[in-house]
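Please open the model in your viewer and keep the sequence beside it. The stops below run from the whole chain to single residues, and each one says what to select and what is to be found there.

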Amino acid sequence: EGIDLKKHFGGGGLLSTPTVVRAVDGVSLAVQRGETFAIVGESGCGKSTLGRLLLRLIEATSGDVRYEGQSILSLKPNDVRRLRRELQIIFQDPFASLNPRMNVGDIVGEPIWLHGLAKGSERRDRVAELLNTVGLRAAHADRYPHEFSGGQRQRIGIARALAGDPKLIIGDEPVSALDVSIQAQIINLLEDLKERFGLTLVIVAHDLAVIRHMSDRVAVMYLGQIMELSETDALFDNPLHPYTQALLAAIPVPSPSSRQPKVLLQGDIPSPASPPSGCRFHTRCPHARPVCSQQTPALEATPEGRRVACHFWREIQGAGAGSITAPP
Ligand code: SF4
Ligand code: MG
């Protein structure tokens with residue numbers, strides 16, 4: 001029995017601001033228990049919205065999310081409580097997501113109290129244990145968020161997420177606000193915790209480099225839709241979709257003598273409020289043809305079991321992918 005998260009919006013929209021923005025539009029995916037699943041795309045592509053929809057932190061206009069075979073929209077109050085405990089989220093900016101007036105002990109201990117998992121000294125012991133688990137000290141419980149560095153604050157956020165004994169953690173750009181050297185530490189920590197507690201991880205990122213070594217599968221999103229869904233190694237070895245190719249080409253290559261990437265993203269990301277017709281990527285795609293602005297490509301299954309939404313992925317595979325300088 002795997003964790004089965006499914007999101008499908010039959011052309012629905014999300015009312016998050018006074019304008020209707022199709023933040024996530026017709027996305028359907030299943031996350032397997034125990035895997036690290038990455039959702040990647042530029043800002044505004046809907047990946048954070050998708051993360052919040054999965055946890056039912058915001059309500060979908062249409063569609064459904066299934067968790068362990070059950071629709072989370074039909075859960076009874078008791079089961080919603082269990083869901084809120086088993087599915088946790090950590091945010092990009094740990095400072096903004098931690099209450100500045102609460103000390104670390106209360107921040108980390110709050111879910112334990114909310115879910116009635118432990119009381120009094122037992123709760124304090126549990127908080128100390130959680131702080132140790134994420135590489136902090138028990139004495140840190142008496143301090144406040146502003147006394148910590150960005151990396152330490154993210155560790156506090158992770159300790160809080162772990163407090164309810166979760167099965168799945170969604171990281172919404174968990175390292176993008178941190179220095180590169182600290183990013184690796186937090187990624188290593190998440191990988192260790194995943195092994196230790198048998199977690200399922202969903203990592204939302206705008207940077208393919210960040211998720212390359214930690215994720216098992218990747219969904220590449222553009223303007224609320226999945227463009228490509230593949231195992232991570234296959235995606236890096238042979239990106240099928242022109243957008244994935246462009247994202248990979250944008251990863252800085254360490255050596256200045258390397259070949260320049262040939263596929264570059266042109267122009268700005270269009271507004272999600274009025275996405276382009278047909279293939280949403282057609283205004284920026286170097287391979288676009290007239291049909292691309294008229295017909296929306298389906299998320300097609302390839303013989304290798306990958307998924308790609310492009311009318312011409314077969315042709316482009318030979319021409320485009322070969323010209324990309326992939327980082328070693
Ligand atoms: Fe480019 Fe057309 Fe493929 Fe869209 S369908 S990615 S515009 S070639
Ligand atoms: Mg975001």
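Begin with Leu-223, which has a positive phi of about 45° although it is not a glycine. Select it in the loop between strand S7 (217-222) and strand S8 (225-231); helices (H or I, at least four residues) and strands (E, at least two) are DSSP runs, numbered from the N terminus. Leu-223 is buried, with 23 other C-beta atoms within 10 Å; a residue counts as buried if 20 or more other C-beta atoms lie within 10 Å of its own, as exposed if 12 or fewer do, and as partly exposed in between, with C-beta atoms placed from the backbone.

Before going on, note how the model is to be read: it is predicted, local features need pLDDT of at least 70, side-chain atom pairs count only at pLDDT 80 or more, and totals for chains, interfaces and linings use all residues. Residues are numbered from 1 along each chain as its sequence is written, and chains are lettered from A and ligands numbered from 1 in the order in which they are written.

Now show the whole chain, which holds eleven helices and ten strands. Of its 328 residues, 41% are buried.

Next, display the open sheet of eight strands, whose order is S4-S5-S6-S1-S7-S8-S10-S9 with mixed pairing; two strands pair if DSSP finds at least two bridges between them. Its edges are strand S4 (87-90) and strand S9 (300-301), each of which pairs on one side only. Helix H10 (residues 242-249) packs on this sheet and touches S7 and S8, its direction making about 105° with that of S7. Within the sheet, S5 and strand S6 (residues 200-205) pair in the parallel sense over five bridges, and the bridge partner of Ile-169 in S6 is Leu-201.

From there, select Gly-51 in helix H1 (residues 47-54). Is Gly-51 buried or exposed? With 22 C-beta neighbours inside 10 Å, Gly-51 counts as buried. Leaving aside neighbours within four places in sequence, Gly-51 is in contact with Ile-39, Ile-89, Ile-170, Asp-172, Val-202 and Val-204, where contact means that the C-beta atoms of two residues, placed from the backbone, lie within 7 Å. Gly-51 and Val-202 are 151 residues apart in sequence, yet 8.0 Å apart in space from C-alpha to C-alpha.

Move on to helix H4 (residues 104-114) and H6, whose axes come within 7 Å and cross at roughly 30°; axes are lines fitted to C-alpha atoms, for helices over the stretch in contact, and angles run from 0 to 180 degrees between N-to-C directions. H4 and H6 are therefore roughly parallel to each other, a term for angles under 35 degrees. To show their contact, pick Val-104, Ile-107, Val-108 and Pro-111 of H4 together with Ile-156, Ala-159 and Arg-160 of H6.

Follow the chain to Asp-165, in the loop between helix H6 (150-162) and strand S5 (168-172). Asp-165 has a positive phi of about 60° although it is not a glycine, and is partly exposed, with 13 other C-beta atoms within 10 Å.

Methods:
Parallel < 35°, antiparallel > 145°, perpendicular 65-115°, else oblique.
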